[in-house]
Amino acid sequence: RAVAELDVPGPSPAGPPVCPRHPDQVSYVRCQRCERPVCPSCQRPAAVGIQCVDCVAAGAATVRQARTIFGGEVVTGRPMATIAIIAVCAAAFAAQRADPGLTDSWAFGPAIGWSEPWRVLTSAFLHGGMAHLVLNMLALWFMGSYVEPLLGRLRFIVVYLLSAVGGSVGVLLLASAPTTGAVLGQAGVYDSWFSGYVGASGAVFGLFGTVLVLNRHLGRDSSGMYLTIGINAVYGFIAPNVAWQAHLGGLVTGAVAAGVLAWCAAPERRRLVWPLLLGLLSVLVLLAALKYAGVPDGYR
């Protein structure tokens, strides 16, 4: 008996495999992780075979970033944060030369710090002359090249800026503030209150203090640093127009900040580092506020 063949539709053949990211790209190469087709543009070499960019990104997200001994991200290559600060100081110095009035507008002075508090920081990027700039930048380069890899870029910048603020607060706290009924201009008693201060030396001394604390934590020798600090301290007292008060304020602030970082180096305490550094900034603000609280309104 003849049997008629029925024309029953069967499954249509599948199309060629295409890359999920680039559907117009046919690829017979598959990712070793997710087994999806991956075009040449999305292929990444893996330990075994090829992976797609999505799997590479997902894998990278699960890998813990390398940390310095003090909890910062590992710095490789040049100390870019140090270089950036030097570049900002150089640019600010060029702006000072182009506009002489800029120095008076951004320098810190105890008499104006209450009404324009940003000067506690901006003054650290200004300098009084080429020699002043070069000496500070050389010191910053040497200190930054050592400290930045130990702390990581973000922590280094925070310590530097805190030390700059601490230097200005040191100038404020050690300045002779006028009192009610004071006779101004008398034997230069209140000159330090009405003077302007510029320079990165307070922040650089903060790095000096940082090195002392970090080296102690690491068991390294700091005898050369003690000598450097001693020479600069003596020079600050005998040379004119040197703000030793900023040096002292920056040194103490940098040492305290480094102490916080060293104490928080243990993994279980690393989450405390930013609250404690913010607390250090709050202490500096409180000390400045207490100083200004004892000064009559007409002198702040």
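**View 1. Two cavities turn up in a search of the whole structure with a cut-off of 30 Å³ or more.** The model is predicted: local features need pLDDT of at least 70, side-chain atom pairs count only at pLDDT 80 or more, and totals for chains, interfaces and linings use all residues. Residues are numbered from 1 along each chain as its sequence is written, and side-chain values use heavy atoms, with hydrogens and water left out. A cavity is a set of points on a 1 Å grid over the protein atoms alone where a 1.4 Å probe fits but cannot get out; lining residues have an atom within 4 Å of a point. Grid points are joined across faces, edges and corners, and a volume is the space filled by probe spheres set on the points. Rolling a probe the size of a water molecule over the atoms shows where empty space is left.

**View 2. The largest cavity holds about 140 Å³ of space.** Its lining counts 17 residues. Nearest the centre lie Ser123, Ser168, Val198, Gly199 and Ala246. Helices (H or I, at least four residues) and strands (E, at least two) are DSSP runs, numbered from the N terminus. Which element gives the largest share of the lining of the largest cavity? That is α7, with four residues. By class, the lining of the largest cavity has eleven nonpolar residues, six polar and no charged. Here Ala, Val, Leu, Ile, Met, Phe, Trp, Tyr, Cys and Pro count as nonpolar, Asp, Glu, Lys and Arg as charged, and the others, Gly among them, as polar.

**View 3. The second largest cavity has a volume of about 60 Å³.** Cysteines in its lining include Cys19, Cys31, Cys34, Cys42 and Cys52. Pro20, Pro37 and Val38 also line the second largest cavity. So do Arg21, Arg36 and Asp54. The lining of the second largest cavity divides into eight nonpolar residues, three charged and no polar.

**View 4. A salt bridge joins the side chains of Arg21 and Asp54, at 2.7 Å, N to O.** A salt bridge is a side-chain nitrogen of Lys or Arg within 4 Å of a carboxyl oxygen of Asp or Glu. Arg21 sits in the segment before β1 (43–45) and Asp54 in helix α1 (residues 53–61), so the pair ties together parts that are 33 residues apart in sequence. Arg21 is partly exposed, at 48% relative accessible area. Asp54 is partly exposed too, at 31%. Buried means under 20% relative accessible area, exposed over 50%, and partly exposed in between (1.4 Å probe, protein chains only).

**View 5. Two further salt bridges pair Arg119 with Glu116 and Glu148 with Arg153.** For Arg119 and Glu116 the distance is 2.6 Å, N to O. Arg119 is buried, at 6% relative accessibility, whereas Glu116 is partly exposed at 21%. For Glu148 and Arg153 the distance is 3.2 Å, N to O. Is Glu148 buried or exposed? Glu148 is buried, at 0% relative accessibility. Arg153 is partly exposed, at 30%. Elsewhere, salt bridges that share partners join Arg21, Arg36 and Asp54 into one network. The count by this rule comes to four salt bridges.

**View 6. The largest nonpolar core has 41 residues.** A nonpolar core is a set of buried Ala, Val, Leu, Ile, Met, Phe, Trp, Tyr and Cys residues joined through side-chain atoms within 4.5 Å. Leu140 and Phe208 have the most contacts inside the largest core. Elements that give two or more residues to this core are α2 (80–98), α6 (130–151), α7, α9, α10 (223–238), α11 (244–263) and α12 (273–293). Its largest share, eight residues, comes from α9. Leaving out residues up to four places away in sequence, Phe208 touches Met143, Met225, Thr228, Ile229, Asn232 and Leu251. Contact means heavy atoms within 4.5 Å. A second, separate core of 16 residues includes Val165, Tyr197, Ala243 and Tyr292.

**View 7. Leu278 lies in helix α12.** Leu278 counts as exposed, at 53% relative accessibility. Val158 is 120 residues from Leu278 in sequence and 9.9 Å away in space, C-alpha to C-alpha.

Terms used: On a 1 Å grid over the protein atoms alone, a cavity is a set of points where a 1.4 Å probe fits but cannot get out, and a pocket is an open set with protein on both sides within 12 Å along at least five of seven lines; lining residues have an atom within 4 Å of a point.
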